Amino acid sequence: MSNEQDLTPLTDEELLAQQGAALPDKEVASVLDLNADLDLGIDAAAPIDLAVAANANVAAPIDAAAAANILSFGSDAQALSDQGVIVNQDVTADATAESAQDSTIDQGNDTVEDEPAMTEPAADGLLPGSGTTDLGALPTDPAAALDGDLLNVNVDLAADADIAAPINGAVAANLNVAAPIDAAVAANIGSIDSSATAVSQQDAIINQGIEGAATATADQQSDLQQ
């Protein structure tokens, strides 16, 4: 025996009797309302003085040979590299770097104007002395909580910053660099009955001499008023 009953729809009066609240339109509901008001007064000064002096001899003779057989059958790979190098490097000089810096920085106190104080609204949501600006009264209906922004962030920042970074540097160097490189590479990869030969011979004679003085002088005088 079936005890199922026919489902009858609700009447218009029954639907109106149901309690509910209409959701706001999609275009008036915001997930994030961010109001950032930045009022900055920044003085930045970075006087930089740098002197560099160098005497350098650089020699880099490079000799290279490479041979390879990859996935080949009955092949021969040979690499032969022969290098003879005679390098004579002499430096007779003075490397002098002088850096003199005289900085006078006056950063006045930039006063950031204070924002005008917000007048408290009256109970009716109107500013005192004005009958035109309606700030809106506090919601009394719980359904009104759905009308508006889910997150309201108001950031008000006022800053007065003075930044000064005087930098003074001096670098002096005497340098001899020699890098003779001789390389030979031979390879057989995935091959049968093949031969790979690499021969590398290098004769290098390097004479390096430095006669001189490397002097670096940095003089800095900074007068900062912040």
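Visitor: Which residues does Ala178 touch, not counting residues up to four places away in sequence?
Guide: Ala178 touches Ala59, Gln89, Ile206 and Gln208, where contact means heavy atoms within 4.5 Å. This is a predicted model in which local features need pLDDT of at least 70 and side-chain atom pairs count only at pLDDT 80 or more, while totals for chains, interfaces and linings use all residues. Residues are numbered from 1 along each chain as its sequence is written, and side-chain values use heavy atoms, with hydrogens and water left out.

Visitor: How is Gln89 placed relative to Ala178?
Guide: They are 89 residues apart along the chain, and their C-alpha atoms are separated by 8.8 Å.

Visitor: Why does Ala178 count as partly exposed?
Guide: Because its relative accessibility is 25%, and the class lies between buried, under 20% relative accessible area, and exposed, over 50% (1.4 Å probe, protein chains only).

Visitor: Switching to the surface, which residues make the nonpolar patch?
Guide: Leu38, Leu40, Ile42, Leu157 and Ile163 make a nonpolar patch of about 470 Å², patches being built from residues with over 30% relative accessible area and no salt bridge, with like charges joined within 9 Å and nonpolar side chains (Val, Leu, Ile, Met, Phe, Trp, Tyr) within 5 Å. A salt bridge is a side-chain nitrogen of Lys or Arg within 4 Å of a carboxyl oxygen of Asp or Glu.

Visitor: And which residues form the negative one?
Guide: The negative patch is formed by Asp102, Asp106, Asp219 and Asp223.

Terms used: Areas by Shrake-Rupley, 256 points an atom, 1.4 Å probe, with all protein chains shown as cover. Lys, Arg positive; Asp, Glu negative; His and termini not counted. Charge placed at Lys NZ, Arg CZ, Asp CG, Glu CD.
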